[in-house]
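Let's take a walk through a protein model, strand by strand. Have the picture open while you read.

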Amino acid sequence: MKITVILLVTGVISVFFKSDIQMDIVKESTIDSLGACQGVSIQHGKALLYGDREVGMIRQFSFDKDTLVYDHKECKLTIDGKNIINHPTGIAYHGDMPVFMGNSVKPPKGETAWKAFIYYINWNGLWKTGTLDGNLLKTIEDDACIQGTRPEYVKYHNKWYVATADYGNHGNEVRLYDPERLSHCSKTSEPGVLYKKFTCTPWVQNLYWLDDKGIIVLIQNQIEGRKWRFTYVDLEKSIQTGQQEVIKEVNVDARGDELEGFAFTGQADKGIAVTSSRKNNVNYMHIGW
């Protein structure tokens, strides 16, 4: 099945994007045992899919052409069997830098304030033991957020930062945290943790960094919990102006479910988009520049 997206253009167009970008779903598939899939991270040629099954968890897959094959490797985000990262919303992973995962917690009935936590994790230990037991190095309350957290490494002026964004429909921001200070703090509101920020549009589910382009991709819903949107943002200009400077906005109007995550596979023309749906939750995409 091939679905051609609708392309909207706003803001400043970079040299790299002289031609129109096209994002096509070339194959849809259903992968079970993820719960509602919340995202995908590509590491060392493997695809890590994470979701909120009976507990928060991550599963590792290998690529067989345009198909993911389960490696029978799974981590449960638990301590002593207790669900710790129950709703994983991002993995910030880059080389030997600290690894962070996000968790966005809906407010209890009658309350309005979301709670968000960023977890500093012994990543190698997690995959060795299969749980967070002995591998959770620090729990950080992301109280600088407005609604939720979704960490991803980005590079700004030759230094790496942990970016995150909000999901709500007002006051949304992309924020850059200093990873060293983040790994030692208890709250992101502590001095020196927040480095830069800029405003962005609503319903950001996840972030993806295109390092060689200086572009951060906002993986979004067009409306709350529904329909796909990919917003390509110039990070440098956005930080300078304090608001998102959009290069391209790509809507996939043929899909009405909840886009949760996206990552390029390591090739510039191939990516994987995941949704929270029970069927067709993993989608293989061709990207034409």
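Four strands make up an open sheet in the order β10-β11-β12-β13, and their pairing is antiparallel. Strands here are DSSP runs of E with at least two residues, numbered from the N terminus, and two of them pair if DSSP finds at least two bridges between them. β10 (88-92) and β13 (136-141) are at the edges with a single partner strand each, so one side of each has no neighbour in the sheet. From one strand to the next, the twist averages 20°, taking axes as lines fitted to C-alpha atoms and angles from 0 to 180 degrees between N-to-C directions. Between β10 and β11 (residues 99-105) there are 3 bridges, and I91 has M101 as its bridge partner in β11.

A word on where this comes from: it's a predicted model, where local features need pLDDT of at least 70, side-chain atom pairs count only at pLDDT 80 or more, and totals for chains, interfaces and linings use all residues. Residues are numbered from 1 along each chain as its sequence is written, and side-chain values use heavy atoms, with hydrogens and water left out.

Now look at β19 (residues 215-223). Is it enclosed or open? With 8 of its 9 residues buried, β19 is largely enclosed by the rest of the structure. (Buried means under 20% relative accessible area, exposed over 50%, and partly exposed in between, with a 1.4 Å probe and protein chains only.) β19 runs antiparallel to β18 (residues 204-210), joined by 6 bridges, and pairs with β20 (residues 226-234) over 8 bridges, also antiparallel. The β19–β20 hairpin has 2 residues between its strands, and G225 in that turn has a positive phi of about 70°.Next come the salt bridges, where a side-chain nitrogen of Lys or Arg lies within 4 Å of a carboxyl oxygen of Asp or Glu. The structure holds 15 of them, including these:

| Salt bridge | N to O distance |
|---|---|
| R53 and E74 | 2.8 Å |
| D253 and K227 | 3.9 Å |
| R229 and E249 | 3.7 Å |

R229 sits in β20 and E249 in β21, so their pair ties together parts that are 20 residues apart in sequence. Both of these residues are buried. D253, by contrast, is partly exposed at 33% relative accessibility, and K227 is partly exposed at 27%. As for R53 and E74, they belong to a network of salt bridges with E54 and R59.
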